[in-house]
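User: Please walk me through how to read this model, one feature at a time.

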Amino acid sequence: MHLETKPESEFQAPKASLTQQSGSIAGVRAFRPLTPGRLVFICVMLLVALFVAVVIALRMGTFPISIRQIVLTLFNGAIGRRAEIPSDYWLVVFGLRLPRIALGILVGAALSTAGAGYQALLRNPLADPYVLGVSSGAALGAIISLIVAPRVPGLIQVAAFVGAVATIAIVYFLGRRGGQLDSGTLLLGGIVTASFLSAVIMFLMTTLSGRDLRGMSFWLMGDLATPPSVNMGWLYFLLAIGVGTIFGTAADLNLILTGEQEARHLGVNVNRVKLVVYLAASILTGLAVSVSGAIGFLGLLVPHVMRMMFGTDYRVLIPTSAIGGAILIVLADTLARTVVAPTELPVGAMTAIAGAPLFIYLMRRRVR
Amino acid sequence: MSAVAGSSGIARAAAQVAEPRLKVEQASFAYAATDKSAPKFTLGPITFEAQKHELIAILGPNASGKSTLLGLLAGMYAPLAGRIALDGTEISKLDPRVRAQRIALVQQESELLFPLRVWEYVLQGRYPYGRRLRFESEEDCLMAGNALAQVGADALRDRWMDQLSGGEKQRVILARALAQQPLLLLLDEPTQHLDIGGKVELLRRLRKLTAERRYTVLVVTHELNLAAEFSDRIVLLHKGKCLRAGTPEEVYDRAALEEVFEAPLEVEMRANGRPRVTVRGSEQG
């Protein structure tokens, strides 16, 4: 009801006042705000890179298949001419490698977006679902659901989400000192929580070794070798909701990162934004962990690489982190499958090898 | 001034014309550790008014309630009793975005987590005017450029925020507030980290902006003499109470100042009608 335009008009004639000072017109051009066009361009470029990564991942492996055959198989598969495809190619591409890649894309996008979300939420550039123990909490939730009710479809995702939500709440309160969120205390709280939860997971896995709970290394390190028991479309739907929700708050997150009080004064509903991002990032973490275990450091690695490439604006960071996370995990899993073939490494080992040094580098740079 | 708000419609037209820009009537506030415990700190009741083109200084020792009053004026919390109205509308009832279009607050800025350019920082002031994802329009850029020009920080546009000097940073923060196109500009100890040259420059600039533009400016400060020199009116707080409010001449009473600041002070009236405060010298004991 009080939205009418303000009466006085000195601001309404900016051009006149600008021409009075030489250089000011050029000055306005020096503002380079993000445009939707540039955002779409960046995303399309990254999607092309993702496609290249997918083709590479399809190409690599013990069964030899040429790029030409892959493209032909994909094309014929896409237009529904299955009869044109030799059956062994069909099996390798659509039966084995592509589902694993699709799972990787899901997990990589979810964990990277969740990491970027937690970093804004906790105002801490080192936040990551794995480092904070959220992944372990989600894994524990998933394991408990497998023990209690192994045959209820979708329960494992819900349980992993609950585990993630509970863990981040605990870590948040551990990280407070004198009513303020303290960066170092928060990370310490997360790391301690993570190792405690890992110990509980190991205890459960050892005492209940007879049951069908997947392996210990799956839950603690994560891998993409086991196809999920739930429909992939449903998982992708959850991914879209999680990423879309955080993307929708990107402009608010930019201001919250500059300062919570200041964001409030600029009209951001800080509490609501934080609650929304908290839930969405926890959904994404729970989703990823329920199908791939606790893959580490993606949420740290990918947003930082994307910041270096495209800047710190969350309107760019969220979509590029989602696609970048997908690219990184597809390549990492390809390495994990092939470096010591025919044995496979868990993909979490690959991401930890890259991620842990980056974590140390970022931590030291902050301390300096 | 054309009436902006006139929310009731019952108010007489004459009263609306006379309605001040900012009207604080018997406003009070209290902090408590929990809902049930006795309040630790109470503010008010406070009453004062501010007109368009006025620069008001809020003075008082530490813990006298200056920041609480500023929080009330910024709409961060609602007064427990009384009323704080901007152009006739209660500030605490404004939608956050509408409030941010009318009131800007300049505080000591938080530490930046990731580096930002000056132009990106100033564009943040346009947030209350944007849509969902808030892609900034050409108008936003013009307004932000204008705001930078108003504080004389045009040349800083492409610098990184963390590479600015204290005075430069203060100007950029002020520019972001101006980019909000506020009616009410609140500043929380803006002179704190500036040298005397920077302090005078900032207050001159605020004085000039108040005279030329439509702002009403309220400054919380510890600088008694600069406040006397540059402000139209002064609100003197002491232990959560508004001890005096009026022109510098009216407020700067030796006994009152000595009571509030607990120091031996001397107040002399200068030729330009503005008082000057000095510490009573040691030669007198």
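Analyst: Start with a glycine in chain A. A:Gly222 touches A:Ser292, A:Gly293, A:Ala294, A:Ile295, A:Pro346, A:Val347 and A:Gly348, leaving aside residues up to four places away in sequence. Two residues are in contact if their C-beta atoms, placed from the backbone, lie within 7 Å. This is a predicted model: local features need pLDDT of at least 70, side-chain atom pairs count only at pLDDT 80 or more, and totals for chains, interfaces and linings use all residues. Residues are numbered from 1 along each chain as its sequence is written, while chains are lettered from A and ligands numbered from 1 in the order in which they are written.

User: Where is A:Gly222 found? Is A:Gly222 buried or exposed?

Analyst: A:Gly222 is in the loop between helix H9 (216–221) and H10 of chain A. Helices (H or I, at least four residues) and strands (E, at least two) are DSSP runs, numbered from the N terminus. A:Gly222 counts as buried because 28 C-beta neighbours lie inside 10 Å. The cut-offs: buried means 20 or more other C-beta atoms within 10 Å of the residue's own, exposed means 12 or fewer, and partly exposed is in between, with C-beta atoms placed from the backbone. One of the contacts, A:Pro346, sits 124 residues away along the chain, yet the two C-alpha atoms are separated by 6.2 Å.

User: How far apart in space are A:Ile101 and A:Met306?

Analyst: That pair is 205 residues apart in sequence and 21 Å apart, C-alpha to C-alpha. A:Ile101 belongs to helix H5 (residues 87–121) of chain A. A:Ile101 has 23 C-beta neighbours inside 10 Å, so A:Ile101 counts as buried. Beyond four places in sequence, A:Ile101 touches A:Val54, A:Ala57 and A:Val330.

User: Now a helix. How many residues does H13 of chain A have, and how far does it reach?

Analyst: Compare the span with what is expected: 1.5 Å times one less than the number of residues. H13 (residues 270–292) of chain A has 23 residues. From first C-alpha to last, H13(A) reaches 33 Å, close to the 33 Å expected. Just after H13(A), A:Gly293 takes a positive phi of about 75°. A:Gly293 is also among the residues that A:Gly222 touches.

User: At what angle do H10 and H13 of chain A pack?

Analyst: Two packed helices are described by the angle between their axes and the distance between the axes. Axes are lines fitted to C-alpha atoms, for helices over the stretch in contact, and angles run from 0 to 180 degrees between N-to-C directions. H10 (residues 232–248) and H13(A) pack at about 150°, with axes 9 Å apart. H10(A) and H13(A) are therefore roughly antiparallel to each other. Angles under 35 degrees are roughly parallel, over 145 roughly antiparallel, 65 to 115 roughly perpendicular, and the rest oblique. The crossing is left-handed. That means the near helix is turned anticlockwise from the far one by less than a right angle; clockwise is right-handed.

User: Which residues make the contact of H10(A) with H13(A)?

Analyst: H10(A) contributes residues including A:Leu235, A:Leu238, A:Leu239 and A:Gly242. Those from H13(A) include A:Ala280, A:Ala281, A:Leu284 and A:Leu287. The contact residues divide into 12 nonpolar, 2 polar and no charged. Here Ala, Val, Leu, Ile, Met, Phe, Trp, Tyr, Cys and Pro are nonpolar, Asp, Glu, Lys and Arg charged, and the others, Gly among them, polar.

User: How do H7 and H13 of chain A cross?

Analyst: The axes of H7 (residues 155–174) and H13(A) come within 8 Å and cross at roughly 130°. H7(A) and H13(A) are therefore oblique to each other. H7(A) passes H13(A) in a right-handed crossing. The H7(A) residues include A:Ala160, A:Gly163 and A:Ala164, and those of H13(A) include A:Ser282, A:Gly286 and A:Leu287. This contact divides into 10 nonpolar, 6 polar and no charged residues.

User: Which secondary structure does each chain hold?

Analyst: Chain A comes to 16 helices and 2 strands. Chain B has 10 helices and 12 strands. In chain A, 46% of 368 residues are buried; in chain B, 42% of 285.

User: What is the phi of B:Lys239?

Analyst: Phi of B:Lys239 is near 50°, a positive value in a residue other than glycine. B:Lys239 lies in the loop between strands S9 (233–238) and S10 (241–246) of chain B. With 14 other C-beta atoms within 10 Å, B:Lys239 is partly exposed. B:Ala63, not a glycine, has a positive phi of about 65°. B:Ala63 counts as exposed, with 12 C-beta neighbours inside 10 Å.
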